[in-house]
Amino acid sequence: MSAADGDRVARVLVADDQAVVREGIVMLLGLLPGIEVVGSARDGEEAVALTAELGPDVVLMDLRMPRCDGVEATRRIRDRHPGTEVVVLTTYADDDSLFPALQAGARGYLTKDAGGEEIERAVRDVIDGRAGLSPAVQRRLLERLIDRDGRAGRAERDGGDGGDGWGDRDDRDDRDDRDDRDGWGDPNTRGEPSVAGGGLGARYGASGGSSGPGVDGLTERETEVLVLVADGLSNPEIAGRLRISTATVKTHINNLFAKTGVRDRVQAVRYAYQHGLVRAPGRRVT
């Protein structure tokens, strides 16, 4: 993920109203070969102004700041400078902080206990067009999607619209109704998958338990990786679990993204849920 690996150096602007925190983040990012800190801002107003002046690839944005908070600053930056992505870096992971920031246009969301590697990964992800979200945030988003889909189903039965006020996109229409044609069927009728040794691909193959390709042509290993992504594991954690390199994990993830048509890890988690690999956030089907 560094410049030595072939990726261009990411130009980052840091916005945080606390001087000690801001300087600490700048110092941390300065140690990462894949990132160049081009400036720092003391509040949202300054972040917007410096974005116009410096044209960073990514703004690492705090939320609770004076004059102009992080949500409003994110909205202005994304409206005026669509080439600049925003990754929120905040103490807060509650719904009142998370969802307004994502609605404003933030493509990444981390809490301040994130390490340098996680920050660099999120920065690189948003530059590459993916979502740079911590595993905890991925799970929270999935919980909201599950809850929203459940309420939508109840509303349809009751004749209502099921809206919850968060996001007007028709996410439910994005489903491709593949359950009836891809061999997955009712999750209650399937056996228990085992990442370590049971062979998800063999159990969940399109031919009813053969060792052939699974749903959407996923290989056994790609399906194992997908389950671990849905469990909220990072690439290094998946590599350790499966005893493969992080580069190999990234290759499997890129392949399964291409085969399933998902664009980022959040969509991958939802895909795994919809196809019965996980019954609830972070839990495999039992």
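Biologist: What makes helix α3 and helix α4 roughly parallel to each other?

Modeller: This is a predicted model, and in it α3 (residues 70-80) and α4 (residues 95-104) pack at an angle of about 15°, with their axes 8 Å apart. Angles under 35 degrees count as roughly parallel, and therefore α3 and α4 get that label. As for handedness, α3 passes α4 in a right-handed crossing.

Biologist: Which residues in α3 and α4 meet?

Modeller: On the α3 side you have V71, T74, R75 and R78, and they meet P100, A101 and A104 in α4. By class, that contact has 4 nonpolar, 1 polar and 2 charged residues.

Biologist: And how do you know how α2 and α3 are oriented to each other?

Modeller: By the angle again. The axes of α2 (residues 44-54) and α3 cross at roughly 15° and come within 9 Å. With the limit for roughly parallel set at under 35 degrees, α2 and α3 are therefore roughly parallel to each other. Their crossing is right-handed.

Biologist: What does α2 bring to meet α3?

Modeller: G44, E45, A47, V48 and T51 come from α2, and they meet A73, R76, I77 and R80 in α3. The residues of this contact divide into 4 nonpolar, 2 polar and 3 charged.

Biologist: On to the sheet. In what order do the 6 strands come?

Modeller: The order is β2-β1-β3-β4-β5-β6, in an open sheet with parallel pairing.

Biologist: Why do β2 and β6 stand at the edges?

Modeller: β2 (35-41) and β6 (132-133) each have a single partner strand, so one side of each is left without a neighbour in the sheet.

Biologist: How do you know that β5 pairs with β6?

Modeller: Count the bridges. Two strands pair if there are at least two bridges between them, and 2 bridges join β5 (residues 108-111) to β6, the two running parallel. For one of the residues involved, G108, the bridge partner in β6 is G132.

Biologist: How many bridges join β1 to β3?

Modeller: There are 4 between β1 (residues 10-15) and β3, and those strands run parallel. L13, for instance, has V59 in β3 as its bridge partner. On β4, the story goes on with 4 bridges to β3, again in the parallel sense. There L60 has V87 in β4 as its bridge partner.

Biologist: Which way do the residues of β3 point, and are they buried or exposed?

Modeller: V58 and L60 point one way from β3, V59 and M61 point the other way, and all are buried.

Biologist: What makes the phi of R67 worth a look?

Modeller: The phi of R67 is near 65°, a positive value in a residue other than glycine. R243 sits in the loop between α9 (235-242) and α10 (246-260). With a relative accessible area of 80%, R243 is exposed, the cut-off being over 50%.

Biologist: Zooming out, how many helices and strands does the protein chain have?

Modeller: The chain comes to 11 helices and 8 strands. Of its 286 residues, 48% count as buried. Among contacts with a separation of 6 or more, residues 24 or more positions apart account for 60%.

How values were computed:
Residues numbered from 1 in each chain as written. Predicted model: local features only at pLDDT ≥ 70, side-chain atom pairs only at ≥ 80, totals over all residues. Heavy atoms only, no water. Axes fitted to C-alpha atoms, helices over the stretch in contact; angles between N-to-C directions. Parallel < 35°, antiparallel > 145°, perpendicular 65-115°, else oblique. Left-handed = near helix turned anticlockwise from the far one by under 90°. Contact = heavy atoms within 4.5 Å. Nonpolar A, V, L, I, M, F, W, Y, C, P; charged D, E, K, R; others polar. Buried < 20%, exposed > 50% of the residue type's maximum accessible area, 1.4 Å probe, protein only.
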